[in-house]
Amino acid sequence: MVARITARAAREALSRQRGGAPARPGLGTPRSTATVHNGAARLGVSLGLPYPVDIAGACGEIRSYIIDRVGYLTGMRIDNVSVSVRRLVPDVSLRRGRVR
């Protein structure tokens with residue numbers, strides 16, 4: 001259950017970064033894991049990010065949002081959140097301009 005809440009929080013964080021716009025096609029659904037012990041959780045999430053993006057900045061914002069949101073919704077202490085980027089998805093306008 002905590003992993004599902006984590007994935008949902010990651011989707012919310014991605015839409016917040018885009019000013020509430022829906023996720024870019026091709027990003028896919030964030031995948032998450034959770035390990036819970038004695039009321040504390042260690043979370044992992046892997047996701048796609050829109051390109052171009054400040055990867056470190058985006059991951060930091062997503063991590064912070066997940067800590068706050070999952071902690072609020074579950075009442076658990078969040079000890080660690082690991083965010084990994086599965087892929088970068090370029091904007092459609094960037095793909096059209098490519099030379100092949």
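## Sheet and helices of a predicted model

In β2, Leu 43 is the bridge partner of Ala 34. The model is predicted: local features need pLDDT of at least 70, side-chain atom pairs count only at pLDDT 80 or more, and totals for chains, interfaces and linings use all residues. Residues are numbered from 1 along each chain as its sequence is written, and side-chain values use heavy atoms, with hydrogens and water left out.

Helices (H or I, at least four residues) and strands (E, at least two) are DSSP runs, numbered from the N terminus. Two strands pair if DSSP finds at least two bridges between them. The three strands form an open sheet in the order β1-β2-β3, with mixed pairing. Its edge strands are β1 (31–37) and β3, each pairing on one side only.

| Strand pair | Sense | Bridges |
|---|---|---|
| β1 and β2 | antiparallel | seven |
| β2 and β3 | parallel | 12 |

From β2 the chain passes through α2 to β3, and this β-α-β crossover is right-handed (with the strands pointing away from the viewer, the path from the first strand over the helix to the second runs clockwise).

Helix α2 (residues 55–74) has 20 residues, which at 1.5 Å a residue should span 28 Å; its end C-alpha atoms are 28 Å apart, which agrees. The expected span is 1.5 Å times one less than the number of residues. After α2 comes Gly 75, with a positive phi near 75 degrees.
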